[in-house]
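Hi,

Here is the structure we talked about. Please open it first, then read my notes below.

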Amino acid sequence: MAIYFDNSATTKVDPKVVEAMVPFFSELYGNVSSIHSIGRQVRPYEEQARKSVAKLINADPEEIVFTASGSESDNLAIIATARAYKHKGKHIITSAIEHKAVLETFKFLEHEEGFEVTYLPVDKYGVIDMDYFKKSLRDDTTFISVMLANNEIGTIEPIKEIASIASKKGIIVHTDAVQAVGKMNIDVNDLGVHMLTFSGHKIYAPKGIGVLYIDIELREKIHPIIHGGQQEGGLRAGTENIPYIVGLGKACDILLEQQDTEILHIKKLRDTFEKKVLETIPDTYINGHPELRVPSISDIVFRYIEGEALMVYAREVCCSAGSACTSASTNPSHVLSAIHVDDVDIHGALRFSFGRFNTMDEVDKAVEVLKESVEKLRKMSPLYNK
């Protein structure tokens with residue numbers, strides 16, 4: 001039986017979410033934009049889902065835009081805002097450890113549309129260098145995007161401080177919260193951000209549904225990047241995916257009921273797992289901040305072996321070598337490179353991520369499997385023998 005410790009890549013859809021979605025595939029199948037009775041009967045369910053999503057992050061329902069993914073939400077936030085404010089300046093800022101959905105979008109703006117990008121460095125724990133950030137701000141800086149929690153090492157960034165400094169200078173701030181929603185309590189008003197994105201399939205909703213929170217005043221100033229109809233207040237053309245929107249709303253309702261308890265459960269699993277790995281498997285260490293880290297992620301270096309080889313030997317334990325979006329690449333993790341992990345050690349790093357349906361028995365079994373597999377691989381490793 002496989003042990004699924006890859007919840008940061010995707011989560012299992014909660015059975016309660018599936019149950020909520022089913023009627024909207026065959027019974028309540030109308031297009032919510034239609035004015036006839038079949039379409040109108042669907043609208044209250046969409047409105048309720050929007051309210052549930054908004055409530056989870058303490059936003060207003062009209063500030064919620066539904067998209068098809070976290071990546072699309074990031075693209076919409078970054079491209080639309082950069083273009084809307086380019087008349088004020090074309091200097092934009094992000095961090096060196098962002099998810100590819102953010103980094104590649106910044107690179108697109110840099111290389112294709114002439115924007116100047118500052119990539120903020122981080123310390124050994126993955127925390128933004130705030131002195132560097134403050135010195136990077138210029139009169140022509142118009143937009144900043146820094147993630148709330150890193151997808152590989154889990155480090156939580158000082159978004160509230162960044163937003164406070166930036167807002168005083170009239171700079172728009174976006175945060176990618178894909179790995180943070182459901183793992184920490186989030187209040188967009190307390191954070192002070194103008195935009196925030198997250199994805200359904202990280203919180204036990206299906207793949208194919210994402211969210212962009214956008215401050216109501218900013219919403220009126222930006223234009224869509226997908227053109228067509230006037231869905232989502234004119235910001236995202238395309239027929240609304242009602243089954244998935246309803247599923248996301250239900251997933252948010254569940255989190256609203258049990259998030260605090262769930263966070264404690266996940267943290268206990270992760271802390272126990274890390275403690276046992278460090279105690280039973282020598283030459284291992286954990287990446288990321290020791291305290292300012294979401295409870296779901298554990299990035300561990302197993303020295304002197306290849307992480308991919310360990311995944312093969314310990315195949316009962318499902319985990320990732322880096323984030324899921326980059327696991328097919330042979331290039332070393334840009335996140336681990338940014339925090340100055342040894343080049344050899346980077347290849348021995350694996351990300352384990354814990355979720356709602358994991359158990360302590362799985363933690364115990366996984367540590368046993370990893371211990372045996374590491375011992376076998378190190379016997380074959382020329383680095384370890386040396």
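Is arginine 83 buried, partly exposed or exposed? Arginine 83 counts as partly exposed, at 36% relative accessibility. Buried means under 20% relative accessible area, exposed over 50%, and partly exposed in between (1.4 Å probe, protein chains only).

A word on the source. This is a predicted model: local features need pLDDT of at least 70, side-chain atom pairs count only at pLDDT 80 or more, and totals for chains, interfaces and linings use all residues. Residues are numbered from 1 along each chain as its sequence is written, and side-chain values use heavy atoms, with hydrogens and water left out.

Now the salt bridges. The structure holds 19 of them. Each is a side-chain nitrogen of Lys or Arg within 4 Å of a carboxyl oxygen of Asp or Glu.

One of them joins glutamate 113 to arginine 83, with the closest N and O atoms 2.6 Å apart. Glutamate 113 is partly exposed, at 21%.

Glutamate 116 and arginine 138 also form a salt bridge (2.9 Å, N to O). Glutamate 116 is partly exposed at 42%, and arginine 138 is partly exposed at 32%.

Glutamate 46 pairs with arginine 43 in another salt bridge (3.7 Å, N to O). Glutamate 46 is buried, at 4% relative accessibility. Arginine 43 is partly exposed, at 34%.

Last, the cysteines. A search of the whole structure finds zero disulfides (pairs of cysteine sulfur atoms within 2.5 Å). For cysteine 319, the nearest cysteine sulfur is that of cysteine 318, 7.7 Å away. Cysteine 319 is buried, at 9%.

Best wishes
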